[in-house]
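Trainee: Could we walk through this model together, with the cut-offs spelled out as we go?
Mentor: Gladly, let us open it up.

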Amino acid sequence: MKILVIGGTGLVGSYLLPELVEKGNEVFALTRTNVKIEKINKLGAFGLLGDIRNPQTFKSDLPSKLDIIVLLAMPSVKPGQRMTQKRKAELRKETNDFFRNSMDLAVDYNIPIILPSGTSFKTENNETADETWPILRVGLTEIGKDTDEMVNQAIKTQIPKVIQLLYGKIYGNGGLFRFMYSMMEKGRSMIIGKGDNCIPNIHASDAASAIVKAIEKLPIGEKFIIADDTAVTQKDFTIYMAELMNKKLPGHVPGVIIRLILGKDFYEIVSMNCKVSNSKAKRLLDWKPEYPSYKEGLQATIKEIKEKKNYFA
């Protein structure tokens, strides 16, 4: 298959590109920086320089035929910085541009597209959310409110043909997790509030394998929760990470302090309780995570970091 990956040099893309190439696909990966073109080409894929927010920068370099598009690119959020309303509005516009232009490209080629989202559900007590639950857009996740409507409309009309993967918190040797690792190394990692809220997790390699399965199965018009098998609280995740790194156990910081320093939008997403089921993805995609819980995933990730194995960024 000829596959275009938009944002193929991020954390998930660093696992996805080699797997797609290994399976014999002809893979084109879009990146905004020249330095990553050579890295993409060394993997056996074809690097394309351009920005999905301005498709004219790369459309002439695309092949005449594609079979599917995978959107991974999302606006960057700098960890540890306060989220202002101005920046939140910018992120919402950027997200809309990423989705709209990628979906328009899929329409032009008359091919399916795999789109990303997150597991933004609010559960209580013993509740477990699945794909039938409404997505709750609160705090920073409100930047995806418009794209929810785009995707739902596309599912209804099948223009373009879409598949959407709803990821838990993605972690691995890169991205936001490297910031968390650095903070833990410096003894500055903290548990927010009581830390008794559950947040779904998924290792980046398992997120990539779910995309591969979606490409193979092509369940058009479906949404899938992509998270590991094990619910874990924010507190237990952080404590286990500290134990693996032989660091002192993190203390707690009151939620009101986080709201003041980083803003309400950030606090609302890290304090929401969310338990999810991945049974639909297992059943229809024939997918299962290599790392069924955060424990196996954290062990592998910290080992990679200590061995100085790098991804694209």
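This is a predicted model: local features need pLDDT of at least 70, side-chain atom pairs count only at pLDDT 80 or more; totals for chains, interfaces and linings use all residues.

Mentor: Residues are numbered from 1 along each chain as its sequence is written, and side-chain values use heavy atoms, with hydrogens and water left out.

Trainee: Thanks! How many salt bridges does the rule give?

Mentor: Side chains of opposite charge can pair when their charged atoms come close. The rule used here asks for a side-chain nitrogen of Lys or Arg within 4 Å of a carboxyl oxygen of Asp or Glu. Counted that way, the total is 19 salt bridges.

Trainee: Which loop holds the partner of Lys 88?

Mentor: Lys 88 and Glu 142 meet through their side chains in a salt bridge, 2.3 Å from N to O. Helices (H or I, at least four residues) and strands (E, at least two) are DSSP runs, numbered from the N terminus. The pair links distant parts of the chain, 54 residues apart: Lys 88 sits in helix α3 (residues 85-109), and Glu 142 in the loop between β5 (113-118) and α4 (145-157).

Trainee: Is Lys 88 buried or exposed?

Mentor: Buried means under 20% relative accessible area, exposed over 50%, and partly exposed in between (1.4 Å probe, protein chains only). Lys 88 has a relative accessibility of 9%, so Lys 88 counts as buried.

Trainee: What is the N to O distance between Asp 148 and Arg 137?

Mentor: This pair also links distant parts of the chain, with Asp 148 in helix α4 and Arg 137 in the loop between β5 and α4, 11 residues apart. Asp 148 is buried because its relative accessibility is 12%, and Arg 137 is buried because its value is 15%. Their side chains meet in a salt bridge with an N to O distance of 2.8 Å.

Trainee: And what is the N to O distance for Asp 67 and Lys 65?

Mentor: Asp 67 has a relative accessible area of 23%, so Asp 67 is partly exposed. Lys 65, at 45%, is partly exposed as well. Their side chains form a salt bridge at 2.5 Å.

Trainee: Which residues are linked with Arg 87 in a network?

Mentor: The network is one of salt bridges. Linked in it with Arg 87 are Glu 90 and Glu 94.

Trainee: Which residues does the cis peptide bond join?

Mentor: Most residues other than glycine have a negative phi, and most peptide bonds are trans. Here a cis bond has an omega of about -10°. The bond joins Ile 159 and Pro 160.

Trainee: What is the phi of Leu 218?

Mentor: Leu 218 lies in the loop between α6 (204-217) and β10 (223-226). Leu 218 counts as partly exposed because its relative accessibility is 34%. Its phi is positive, in a residue other than glycine, and is near 50°.

Trainee: And what is the phi of Asp 286?

Mentor: Asp 286 is found in the loop between α10 (279-285) and α11 (294-306). Asp 286 is partly exposed, with a relative accessible area of 48%. Its phi is also a positive value, near 55°.

Trainee: Which residues form the nonpolar surface patch?

Mentor: Patches take residues with over 30% relative accessible area and no salt bridge, joining like charges within 9 Å and nonpolar side chains (Val, Leu, Ile, Met, Phe, Trp, Tyr) within 5 Å. Areas come from the Shrake-Rupley method with a 1.4 Å probe, and for residues only the protein chains shown count as cover. Ile 257 is in helix α8 (residues 255-262) and is partly exposed at 33%. With about 380 Å² of accessible area together, the patch is Val 256, Ile 257, Leu 260 and Ile 261.

Trainee: What separates the C-alpha atoms of Thr 9 and Ile 37?

Mentor: Thr 9 is in the loop between β1 (2-6) and α1 (11-22), and is buried at 7% relative accessibility. Thr 9 and Ile 37 are 28 residues apart along the chain, and their C-alpha atoms are separated by 9.3 Å.
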